[in-house]
Amino acid sequence: MDTKYQWIKVAASIHEIAFAQNHIAQINIGEKKICLIRTLHGLKACASKCPHAGGDLSMGYLDKRENITCPVHGYRFDTNNGRDTNGEGYFLKIYKVVENAEGIFVGLEKW
C-alpha cells in the first residue's frame, strides 16, 4: 500500500459493511464521515458531505455512470476524481480504498 497514506482498516470483508439499497454505506473514521460506495468496478470512498450545500451523500444515489448524486439539489460527482459533473467547479473529497486478504482499508492523506 502507498506510504503517502495512513491506511485505516474499516472491515475484515465486504460482508461486514452495511450497504443501503443505494449501495452506499456511511462510516466514521475519527471525526470524518465517509461514504463507502459499492460499484461494479469495486469499492470507492468519498466525503459524506456534499461540497455544494452540505447534503448527506450517503442518502443519495449512484447514476448509471457511477456518479454519486446528492439528495438535496441533485449535484453529481465522479467517484473516481471527485469532479462535479454539472460543470460548476465543485470538488468532492475522494479517498483511496484497498481491498485485500487482510481486509478493507481507506487511505487518509498524511500531513
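This is a predicted model: local features need pLDDT of at least 70, side-chain atom pairs count only at pLDDT 80 or more; totals for chains, interfaces and linings use all residues.

Q: Where does Thr39 sit, and is Thr39 buried or exposed?

A: Thr39 belongs to strand β3, which covers residues 32-39. To judge burial, look at the relative accessible area: under 20% is called buried. Thr39 comes out at 11%, so Thr39 is buried.

Q: Which backbone atoms does the side chain of Thr39 reach?

A: Two to look for here. The Thr39 side chain reaches the backbone nitrogen of His41 at 3.0 Å, and the backbone oxygen of Gly42 at 2.6 Å.

Q: Let's zoom out. How do I read a sheet, and in what order do the strands run in this one?

A: The general idea is that strands of a sheet pair through backbone hydrogen bonds, either parallel or antiparallel. Here, six strands make an open sheet with antiparallel pairing, and the order across the sheet is β1-β9-β8-β4-β3-β2. At the edges you find β1 (5-11) and β2 (24-29), each pairing on one side only. On average, neighbouring strands of this sheet are turned by 30° against each other, direction ignored.

Q: What about charged pairs: how many salt bridges does the structure hold?

A: Two. In one of them, the side chains of Arg76 and Asp63 meet at 3.7 Å, N to O. Arg76 is in strand β7 (residues 76-78) and Asp63 is in the loop between β5 (61-62) and β6 (67-69), so this pair ties together parts 13 residues apart in sequence. Arg76 is partly exposed, with a relative accessible area of 31%, and Asp63 is partly exposed too, at 22%.

Q: And which side chains meet in the salt bridge at 3.3 Å?

A: Those of Lys93 and Glu109. Lys93 lies in the loop between β7 and β8, while Glu109 is in strand β9, so the pair ties together parts that are 16 residues apart in sequence. Lys93 counts as partly exposed, with 34% relative accessibility.

Note on methods
Residues are numbered from 1 along each chain as its sequence is written. Side-chain values use heavy atoms; hydrogens and water are left out. Two strands pair if DSSP finds at least two bridges between them. Helices (H or I, at least four residues) and strands (E, at least two) are DSSP runs, numbered from the N terminus. Axes are lines fitted to C-alpha atoms, for helices over the stretch in contact, and angles run from 0 to 180 degrees between N-to-C directions. A salt bridge is a side-chain nitrogen of Lys or Arg within 4 Å of a carboxyl oxygen of Asp or Glu. Buried means under 20% relative accessible area, exposed over 50%, partly exposed in between (1.4 Å probe, protein chains only). A polar contact is a pair of N or O atoms within 3.5 Å; within protein, one must be able to donate a hydrogen and the other to accept it, and residues adjacent in sequence count only if both atoms are side-chain atoms.
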